[in-house]
Every structure is written in structure tokens, then in C-alpha cells.
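Me: I'd like to go through this one with you, a bit at a time. Can you take my questions as they come?

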Amino acid sequence: MASKESCPTFTIPCAFGKQHGLTASWFTEDNISVTAYSNQLLKSIDRRPPNKLPVNVYHLTTNFILDEPILRSLVTECSNVFLNLQLVRNSTPAAAIDFLKISRSYRSAIRACLEKLQDLIANAELRDVEQYRNYVTIFYSVESIWHLVEILIIDASSVNAVVPNLLEWVRFHFPTAERLATELLQQGREVDSSDDDYWPVVKGLIIQGQLSVARALLKMHTNSESVCFEVAEQILQTMPVYSVYGGLSIQKFKSQWQYWAANARSKVDAGILAVEPELEEIIKLVIGDRKTWTDQCRYASCWYEYFPGYLFYTESTCKYYELGTFANNWLSQWISTGGANPSYKYLDKIILSVMENNLPQVLHNIQNICDNKWFVTHLVDLLYHCGHLTLSTGGNADEKDTEKLFRESLLYDFGCLLMSRNSSLWEAGMDYLEFSSTEGLGAREALLSRIPIKNEKQAMKLINVAKKNGFAAVESEICKVLVKRNLTNKQYGNALEWAIRSRDSFYVTAVANIFLEHYCNHGEIMCEDVIANVGAKMFCSPRLIFLVKYYDFRQFFLERSFAQAAELLVNLLDSKITPSYFWPSLLADTIPLLEFKEPVIPTKETYTILHHLEWDLVPMIEKRKEQLRGSRKVENGDDGDANVDNQALLPKFSSNLLNNCTDDLVKMLRLACARNLARAFIIENTVAD
């Protein structure tokens with residue numbers, strides 16, 4: 001029987017497609033690609049006037065409902081249950097694990113989520129109510145199916161007798177009769193047949209197998225001491241109830257039941273209960289009268305609401321392997337009555353498959369529930385661990401591998417879904433991928449680096465997770481993202497710190513260049529406190545080493561430690577890590593030290609300064625002059641320098657020092673070196689008396 005539930009409708013805003021038609025194709029499991037398409041012969045297309053409308057490709061995808069705060073809390077709570085199950089399963093034999101308790105933990109989280117959604121519906125705006133009602137429908141179905149799977153498959157005690165568990169299940173999901181009975185009992189007053197709620201409540205309790213509560217309500221009736229009520233009480237009190245632990249064999253119990261039912265039926269046929277028609281109908285239900293049950297099932301809201309009660313009074317010794325046959329017979333009977341709600345919904349179909357013990361069909365159907373496959377992932381994982389995930393009739397090794405691969409594929413898909421969405425559920429996604437396949441372990445590293453970074457707090461959390469799992473490349477990528485973000489916001493100190501943390505020489509060099517070029521243009525070092533605390537981390541980039549050492553030189557100079565400043569400056573000149581654009585500034589810094597009356601730079605080091613002046617600075621100035629002469633001849637620039645700085649993170653500061661560097665600086669340096677050499681020669685060659 002096909003489901004008659006409505007499906008969503010999507011409108012594609014494609015004018016070209018409206019003229020010629022559409023075609024669609026799956027490009028991922030949850031995404032459809034739609035574009036305009038005309039299925040006509042090529043000749044007819046050639047005669048058609050050329051198309052001037054844009055041809056667009058539209059992507060349709062399922063809604064990601066787990067971003068809703070209440071559902072997000074459900075995912076978080078259940079991911080903890082999932083993680084605990086994996087850890088316990090890896091350290092404890094399966095026989096020692098209470099899988100029933102774990103299943104109830106999952107269901108408890110779902111029930112709490114449903115209660116929060118109900119509260120939200122009561123207080124939500126009108127436009128949001130329909131959405132929350134859809135969520136309630138989805139997770140009510142999930143909880144109903146899970147509960148049924150729990151009592152029929154996960155619970156080991158259900159193998160011998162399923163009827164008591166089915167009665168518990170139907171009472172839990174249809175609590176109206178029990179709730180109204182509690183209200184009547186709390187009132188403590190006598191009632192009569194004129195009370196509109198009385199007989200429906202008693203009948204509802206009888207159908208759900210709650211005989212003790214029904215008898216208590218019957219004693220509250222004003223005619224409870226009459227003959228018919230006493231006979232009914234005697235029938236209900238002596239009714240045999242099957243129990244696996246009762247000590248009776250099935251054959252002996254059936255003999256007792258048949259004897260009791262024949263005795264009760266004889267009293268009904270004798271007309272003892274005819275004075276109270278409602279009471280007589282109740283007794284007929286209890287003895288399993290088929291016509292009475294057929295008349296009664298028309299009032300059920302769904303096919304399975306009265307089914308456990310019917311089994312209780314007709315086939316109370318039913319086993320799980322027999323349940324499918326009885327369920328199909330009852331379903332046919334329910335549909336034939338044309339009751340209050342004869343529609344066959346998708347939930348009804350899944351519940352029938354569970355009762356038929358058709359687990360592959362159940363798992364196939366629940367994948368179509370619009371919960372982003374949250375339900376099927378957790379249910380399959382639980383069934384796999386407790387040994388009840390059976391996808392075929394055989395039991396060889398290949399089929400066991402199929403069940404394992406099925407579980408791992410679901411964990412992989414769900415984990416990737418949580419990590420690929422712009423949500424806060426990426427940490428839970430990491431847990432699911434950790435226990436999936438080998439591809440899941442690789443996907444964790446790939447997806448972790450793609451999570452959008454909102455702030456530095458989240459970045460630190462991502463880095464900690466990456467470090468914990470040994471994802472050095474992910475840690476570096478996150479740091480690079482923050483380098484670019486801080487540079488865009490002109491937070492150069494933070495950018496340098498994140499660049500150092502990335503351990504990427506290119507990024508560190510690029511940020512250090514910004515600091516050095518800023519000094520070239522403005523004569524001051526940015527974020528000195530950051531540079532002062534770099535320490536041994538400077539060795540990740542030669543440019544950073546130069547920046548830190550130049551900062552140290554400036555500090556020595558400001559502290560009037562001129563000898564140390566001079567030694568460090570000469571070492572920088574000879575270090576071969578000086579950026580080309582920094583030669584004018586670095587050599588200009590030697591002038592004050594060369595002009596000291598008491599030389600702080602010896603002759604050998606002075607020759608070193610002259611060497612770099614003649615072989616580094618002077619050729620640079622000459623080359624710059626040639627470039628300026630060439631630029632006057634070519635308008636709008638030259639393509640030869642198009643690739644210069646093509647890898648820069650941001651546009652660099654305009655370097656003005658080299659542009660303004662004239663022959664005067666060279667003359668001043670030569671003169672200062674000559675004077676320093678003269679003084680140094682005299683001092684170094686003077687023989688002390």
C-alpha cells in the first residue's frame with residue numbers, strides 16, 4: 001500500500017526551462033542538479049533562433065534541521081551516548097553491556113526534545129508553529145519506531161512472549177485512557193452511566209490490557225453491587241494471564257484460557273449482562289469476540305492502536321516470528337472496517353515491517369525520514385553492537401562484513417554531514433568519523449580545515465582538536481586563515497603571532513616584510529612587545545630572524561650600548577639575510593656609530609661596511625635610476641614586472657626610502673667610513689708606553 005502523505009513542491013525560477021523543459025540528475029546522495037533541457041532532435045534545434053536567455057544550474061538539497069537549537073541539543077546529548085557506547089564496547093565483552101539501558105538513554109533524549117518542542121509550539125509565533133509541528137511529527141515517529149525495535153529486537157526477554165511488551169508500548173504512546181482514569185480515581189466519587197467519559201475510559205483501559213485499573217473504575221459505578229457488575233468482576237478477576245515465568249506450559253495455559261472463555265461466553269449468552277450493554281461489550285472484548293473487536297477497531301486512530309489488546313485476549317502466547325502474520329490479518333480487518341482514520345501512513349508501514357521482523361526493509365524505510373539520517377545512524381550502530389543487525393538470512397563472513405560496512409558508511413555520511421554544515425556540531429561529527437571507516441579518519445582532517453572560523457576562540461578549539469589528533473597541516477591552515485584576517489583588519493601583531501604559529505616560512509616572511517617596510521617608511525617598529533617575545537621561534541624564517549635582530553640592535557642603541565649595537569649591526573650586514581629594500585636603512589644606521597670620537601667600529605668592520613656600500617647599495621641605486629628612466633618611455637607600466645609580488649598576502653607599504661635615496665647618502669657613508677678609519681688606524685696602531 002502506498003503512502004498518501006503529501007510531498008514538498010519546489011519552484012525553479014528558470015525562464016528558459018519554462019519554455020523548453022527541465023532535466024535533473026543526482027550529483028550527491030542528498031542533492032539534485034536541475035537545468036533547462038529540450039529533448040528534441042538536433043535538426044530541429046539548428047532551425048531554432050539562437051537562445052539569449054542565461055542557462056542556469058539549480059541545486060536542490062534536503063533541509064538541515066539539526067541546526068535548530070533544541071535539535072542541536074538532542075544531537076549533542078546523543079553523541080555522548082554514542083561515544084560512551086563505542087568506548088565501553090571496545091573495552092567490555094558484549095554480553096556484559098546493558099544495551100537496553102543504552103537504548104532507553106537514546107529514547108529519553110528524544111522524549112525530552114519532544115517536550116521542549118511542545119513548549120515551544122505553545123509560545124511560538126504563528127509562522128514558526130508549522131515548522132515545530134513538523135519536527136514533533138518526525139521525532140514522535142522516530143521515538144515510536146525506536147521503542148518498538150527496543151522491545152521486540154533489543155530486549156532479549158521478548159523472544160518468548162511479545163504481547164506484554166506490546167501492551168506497554170501502546171500504553172506509552174496512547175496515554176489518554178490512563179490519564180483520564182487517573183483523574184476519575186483521584187476524584188473518588190461514584191459515577192453512573194450518564195457520565196460521558198466513564199465507559200470510553202473503561203473500554204480504553206480494557207483494550208490496553210489494564211484490567212486492575214478497569215476493575216477499580218467499575219467498582220466506582222453506582223450499580224457496582226448489582227448482579228451484572230458482580231458477574232463481570234468475577235470474570236475479570238479469574239481471567240488467566242500468560243507469563244513466561246508463571247510455570248505453565250503454553251498448552252496448559254491455552255486449556256485454562258479456553259475453559260475460562262467458554263464459561264464467560266455462556267454467561268454472556270445467558271443475558272446476565274444484557275442490563276448494561278456497555279459492560280456486556282467490555283466482557284465480549286475480554287473473551288476475544290471477533291465481531292465485537294471488528295466493530296471496535298473502527299474507532300482506532302491508526303491500525304496498531306488496538307492490535308496489542310486484541311492479541312492479549314486472543315493470542316497472548318504469540319512469539320515474535322508469528323507476529324507478522326497476526327499483524328497483517330489485523331491490518332486487513334482494520335482497513336475493511338473503514339474506520340475513523342483508515343489512511344495508511346509511512347509510520348504505519350515501518351511499524352508493520354518491524355512486526356514482520358523485516359529489519360532490512362525497516363532500515364531502508366527509516367532512511368527516508370527527514371531527520372538528516374540521525375535515526376538510522378544511531379539505531380544501526382546500536383543493533384550492530386548488540387549483535388542484532390541482520391541484513392540477510394545467512395551468517396557467513398562476507399555478510400558480516402556487509403553489516404560492518406553498512407554501519408561504517410552511515411557513520412561516515414552522518415559525520416561528514418555534521419562537519420560540512422555551517423553549524424556548531426563539528427565536534428560531534430569528529431566523533432562519528434573516528435569510529436567509521438578508514439576514509440572517515442582521513443575525512444576528519446580534510447573537513448576540519450574547512451570549518452568556517454568565526455572568532456579566535458573557535459580557532460583555538462579547532463587547533464586543540466587538530467593537535468590532539470596529530471593534524472599538523474590543519475593547524476597550519478587555520479593559522480594561515482587568521483593571518484589573512486588579522487592583516488585585513490590591520491592587526492599586525494596578531495598576524496605575526498599566527499604566522500609564527502603556522503610554521504609556514506612564506507607567511508612569516510610576508511608578515512615580517514610588512515614590519516620592515518613600515519620601518520623603512522615611518523622610522524618606527526610596529527608592535528614591539530610582540531617582536532620582543534618571539535624568542536627561539538624566530539628561526540622559522542630568515543626574514544623573521546632579521547626583524548628580531550634588528551629590533552635588538554635598536555634596543556642596544558637606545559640603551560646606549562653602542563659597542564654591542566655596532567657588533568650586531570655589522571653581523572646583520574654580513575648575514576646574507578638582509579632584504580634588498582632594507583639596505584639603505586641598514587647602512588644609514590651605521591653613520592651615527594661611525595662618527596663617534598672614540599671608535600666603536602674597528603677598521604676591519606669598517607671595510608665590511610664599505611664593501612656592502614659599494615657592492616650592494618650603489619648598484620641598487622644605479623638600477624633604480626635605470627628603471628625610472630625606462631618608466632618615462634613606457635606609458636601605463638610594463639608587463640615584465642607583472643609577476644612581482646604576485647604571492648603577497650596584502651599590498652605592501654610603498655617603499656619611499658629607496659626612491660629618495662640619492663648620491664648624498666653614499667657620500668655621507670663614504671665620508672663617515674673614512675673618518676672612522678682614520679681614528680681607528682691611529683688608535684689600533686698606537687703603541688702603549
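Me: What is the bridge partner of Thr23 in β2?
Reply: In this model, which is a predicted one, Thr23 has Thr35 of β2 as its bridge partner. The strands concerned, β1 and β2 (residues 31–36), are paired in the antiparallel sense, and 6 bridges join them.

Me: And in what order do the strands of that sheet come?
Reply: The sheet is open and is formed by 3 strands in the order β1-β2-β3, with antiparallel pairing. β1 (22–28) and β3 (57–61) are the edge strands, each of them pairing on one side only. On average, neighbouring strands of this sheet are turned by 30° against each other, if direction is ignored.

Me: Ser33 next: where is it found, and is it buried or exposed?
Reply: Ser33 is found in strand β2, and with a relative accessible area of 18% it counts as buried, because the cut-off for that class is under 20%.

Me: Which residues is Ser33 in contact with, leaving aside its neighbours within four places in sequence?
Reply: With those neighbours left aside, Ser33 is in contact with Thr23, Ala24, Ser25 and Phe27, and also with Val57, Tyr58 and His59.

Me: Switching to helices, how do the axes of α16 and α17 cross?
Reply: Helix α16 (residues 346–355) and helix α17 (residues 359–366) have axes that come within 8 Å and cross at roughly 155°. Angles over 145 degrees count as roughly antiparallel, so α16 is described as roughly antiparallel to α17. The crossing of these two helices is left-handed.

Me: Which residues meet there?
Reply: From α16, Tyr346, Lys349, Ile350, Ser353 and Val354 meet Gln361, Val362, Asn365 and Ile366 of α17. By class, the residues of this contact of α16 with α17 divide into 5 nonpolar, 3 polar and 1 charged.

Me: OK, and α23 with α25, at what angle do their axes cross?
Reply: The axes of helix α23 (residues 472–488) and helix α25 (residues 505–522) cross at roughly 20° and come within 11 Å. Since angles under 35 degrees count as roughly parallel, α23 is taken to be roughly parallel to α25. Here too the handedness can be given, and α23 passes α25 in a left-handed crossing.

Me: What's in that contact, then, and how do its residues divide?
Reply: Lys480, Val483, Lys484 and Leu487 of α23 meet Tyr507, Val511 and Ile514 of α25. The residues of the contact of α23 with α25 divide into 5 nonpolar and 2 charged, with no polar ones.

Methods
Residues numbered from 1 in each chain as written. Predicted model: local features only at pLDDT ≥ 70, side-chain atom pairs only at ≥ 80, totals over all residues. Heavy atoms only, no water. Axes fitted to C-alpha atoms, helices over the stretch in contact; angles between N-to-C directions. Helix = DSSP H or I, 4+ residues; strand = E, 2+ residues; numbered from the N terminus. Parallel < 35°, antiparallel > 145°, perpendicular 65-115°, else oblique. Left-handed = near helix turned anticlockwise from the far one by under 90°. Contact = heavy atoms within 4.5 Å. Nonpolar A, V, L, I, M, F, W, Y, C, P; charged D, E, K, R; others polar. Pairing = 2+ DSSP bridges. Buried < 20%, exposed > 50% of the residue type's maximum accessible area, 1.4 Å probe, protein only.
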